[in-house]
Amino acid sequence: MLMELEAPIFRVRALAKVYRSGDVEVHALRGVDFEAAAGEFVVMLGPSGSGKSTFLNIVGGLDAATTGEVWFEDHELTGMSERELTLYRRDHVGFVFQFYNLVPSLTARENVALVTDIARNPMRAEEALELVGLGARLDHFPAQLSGGEQQRVAIARAIAKRPEVLLCDEPTWALDSKTGVRVLEALMTVNADLGATTLVITHNAAIREIAHRVVMFGDGRIVSVAVNERRLAAADVSW
Amino acid sequence: MLALDRKLLRDLVRLWPQALAIALVMAAGVATLVLGVGTHASLDETRSTFYERNRFADVFASVTRAPGALVAEIAAVPGVQSVEPRIEKLALLSVPGLSAPATGLFVSLPDFVPQRLNLLTIRAGRLPEPGDEREAVVSEPFAKAHGFGPGSRFEAILNGRKRTLVIVGIALSPEFIYAIGPWDLMPDDRRYGIVWMSERALAGAYDLKSAFSTVHLKLLSGASERAIIETLDGKLARYGGRGAYGRKDQLSHAFLDAELLQLKAMSRITPPIFLLAAALLVNMTLSRLIALERQQIGLLKAVGYSGGTIAAHYLKFVAAITLVGIVLGAAAGVWLGNGAARLYADFFRFPFLLFRTDPSTYMAGGAAALGAGVFGALRALREVMQLPPAIAMSPPAPPQYRRMFVGLGLSDRLPRSVLMVVRHLARWPLRTASAIVGVALATAILTGTLWVFQATEFMIDTTFHRSERQDATISFVQEMPERALFDVARLPGILAVEPYRNVAAKLRNGGVERRVAITGKPAGAMLSRVLDIDFRPVPLEGAGIALTDMLARILRVGRGDVIEVELLEGDRRTTQLPVTDVIKGYFGLTAYMNIDAANRLPREADRISGVHIRYDAVRQDELFGRLKELPKASFIALQRVSLQKFRETLARNILTMVTIYVSLGAIIAFGVVYNFARITLSEQGHELASLRVLGFTRGEVSGLLILEISLVVLVAQPVGWLFGYGFAAWTAAGFSTELVRVPLIVGRDAYGYATAITLMAALVSALVVRRRIDRLDLVEVLKTRE
Ligand SMILES: Nc1ncnc2c1ncn2[C@@H]1O[C@H](COP(=O)(O)OP(=O)(O)O)[C@@H](O)[C@H]1O
Ligand SMILES: [Mg+2]
């Protein structure tokens, strides 16, 4: 495949994370090796507590590893200062959260503007909302939008800066099949149009069909990887 | 506008009641600061401008009679810039329309040459013609009190001879900004006025041709006041000099000083209390806001905002509130300041008195408020900086509660509602403590101001009902033989008489000395009594001297010590006296002796300076008619009348003060309780709504909130009383001058009213928040996650 020829955008080596609270140690990650090619769409599956979110947070520069290495292109995230991590997130990464995490006092357009205000080469907020099919709801507050719409605003916010990577933690968690499909469509459009490497965590095995690659987590490790020969369109999945 | 700033605006709009409550507390701080500092500066500047323009003297001295030739000699003393000799006499007045006797302080104006010192500001009319025996200029307050203008007439007994005087001018003088008669508690403009007349005319009346009875000096800058006073005393001694003194002891100046001191004390105590309360509120509210927005903060960090940018965002929120507080506070401060200036104009007679504030006052107010805001925000902002961005990725954990006092088995004994509330309070100990301290500050500021009224009442009660129990006091023009007492006793309506004798002296111990009038009273006096510190009458037997507590403290002596007494009359010898008692006295620096012993000091036969009387109120008019004509009297103090006037004025001032302080205290109490209740509600809204779903009534649910507020407010009361007592002690110390001391008596009323007002304000804010509970949208609350 074409993608395997290109240099990987992420390289993760022996990544481990231990949470300590008091005397209790939780080994969230126990040595993960992983690579992702530019423009790849990866779905991550695995039981609850298997370390998916922890992995995504470290790769996204939100959290620090205990041991191991994470490289983004030729930058080593694991050695970065808080300030450098902030810049990394600002310039390269788009996040979509499980709980949409919109600012309730800002409209859809303004929530996206939160990112375009500080990004280097952003698209217009309207354009980003257009891309996720919300061109008509620019001036609605989060409370006036459905769950699926809120999540699409979150996606618009994540992609408005034209990120190289798009990280999504259970984006369809709270959504029914029909709304979830629209969110997935938005993710796939962005992945295709912007070429953003997209990592999506989900509980929902049905979603695996739309990925280039499916990574299975279990007990802090990657237990299996499967490549899809043929991807389904978002409209063809349901749950 | 940046999206983040939009959020700021919307947050402010959404949280406006809480923001406004904080802004109001800040405004109160700024207002009291602008008021205190501004009033102090205005009064101080007005006074020095008036002094400068009208050449107010630096040193003052009075003699029995000194030859005019001495003036040149005094002028030659190194350091003396100008000298003004004059004639100064107290005399009884009979004013049309006033049944009570009045008194004028007659002051001479130089003929043919202009005044050198204490220049008059003529408000209407003109100066008297040189040598004219009928023309007079009177002080403006006196003229106003009687509706006098140029052309009005009144009568005076000058040196035993009655004359009719014509007013030709009305004036103000830097010497009499505060003009208070002897024995009076506050100026009584109807009964005391200054009358300026031609020097020749007064010299004629008092047989003082080319002589003077007082002399005022202006010194060169840098001259030693102390040295010049000493030289002057030496020169005046043989002419009956009563001891020269500087501005510090000039009555009008000293009263203004006392007022300035009080203003300064107030502006150092009150504003910090408000600003501290404001800081606590900012802390409480911002901490909660940040807790609520943890995920938004995490999100902002996740998308690349730096900790500093986000902290700045919240700091702007505080700055906006502060700005509102500063603007409101400055406006209120100026408004109150103008009111205060009007109030002052009733007591302090300046040709002009404007409430002026320079920019630095506002800057100080603004800086203080901003400082309080930032100080209050610090802890919350640190939290913002430290919040890890990964927070955005996870839902908030439910708050950790702990079982408390497990061993005591309280959980089983306390009602479930109390348990819930107590656990919630204990869950956020810092916030609970802030709320308690905040409410305590409200109680404290009220206690710390309301006590003054009771203390004043106590002071009056002690002074006029237990100590000075006479209805009136007659002062003679000069010391009279003892039989003058019987002449007074024969006046109509007199029920009791009691003589006194004043001896001017300097009391000294080591390097410290004070000029005082030693007052001699008969042993076992019944009208004008001396009370010891435990308020028991002191018999004044023996030859010792009794000193007021303040004077004893200044001279650093106690009962049984011996002090040096330099007499300023009679043979002017210096002698030693044992201190036999330290007594209670709230006004001035006074010293008492047995009247016979006092008379033996200047080695004079039994003489009296005046008589205290008690009279039959029914025959008051008849008595007053006779007193007005009494040739040997120079002044008649009417304690009964002036006490009544004092109470009226006090009642008016109390009303103003109480209104102001009650509003200010209520602002704190309301602000703290309101914010606390809103925070509690926001935290427990979910729980409370769940209870409603489970079938609790609105009343039961809001009862929980009211219970929580009540606990905080009640626990805060004793803390507030303690703080309040502290403020009172601090204020009393700040108010205490040689002129007047307010006893530190914080009565049950002060505590009671303070608590009642705080409770009222708390109740009102609780009711406001309760309405929100009643409107709690169950579905909405259960849907939102926070
Ligand atoms: N902040 C934290 N402190 C302590 N333990 C944590 C924290 N975050 C995650 N964990 C633990 O790490 C493990 C992996 O969690 P997570 O990465 O969230 O799993 P997943 O997203 O696959 O459900 C879990 O056992 C979880 O309890
Ligand atoms: Mg997870």
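The model is predicted, with local features needing pLDDT of at least 70 and side-chain atom pairs counted only at pLDDT 80 or more, whereas totals for chains, interfaces and linings use all residues. Side-chain values use heavy atoms, with hydrogens and water left out, residues are numbered from 1 along each chain as its sequence is written, and chains are lettered from A in the order in which they are written.

In the interface, 28 residues of chain A are in contact (heavy atoms within 4.5 Å) with 24 residues of chain B. Two salt bridges are counted between the chains, a salt bridge being a side-chain nitrogen of Lys or Arg within 4 Å of a carboxyl oxygen of Asp or Glu. One of them joins the side chains of B:Arg10 and A:Glu110, at 2.5 Å from N to O. On the side of chain A that touches chain B, the elements giving two or more residues are helices H2 (52-59), H3 (82-92) and H4 (108-116) of chain A; helices are DSSP runs (H or I, at least four residues), numbered from the N terminus. H4(A) gives the most, with four residues.

Helix H7 of chain B (residues 251-292) has 42 residues. From first to last C-alpha H7(B) reaches 62 Å, close to the 62 Å expected at 1.5 Å a residue, where the expected span is 1.5 Å times one less than the number of residues. H7(B) is largely enclosed by the rest of the structure, because 32 of its 42 residues are buried (under 20% relative accessible area, 1.4 Å probe, protein chains only).

How values were computed:
Buried < 20%, exposed > 50% of the residue type's maximum accessible area, 1.4 Å probe, protein only.
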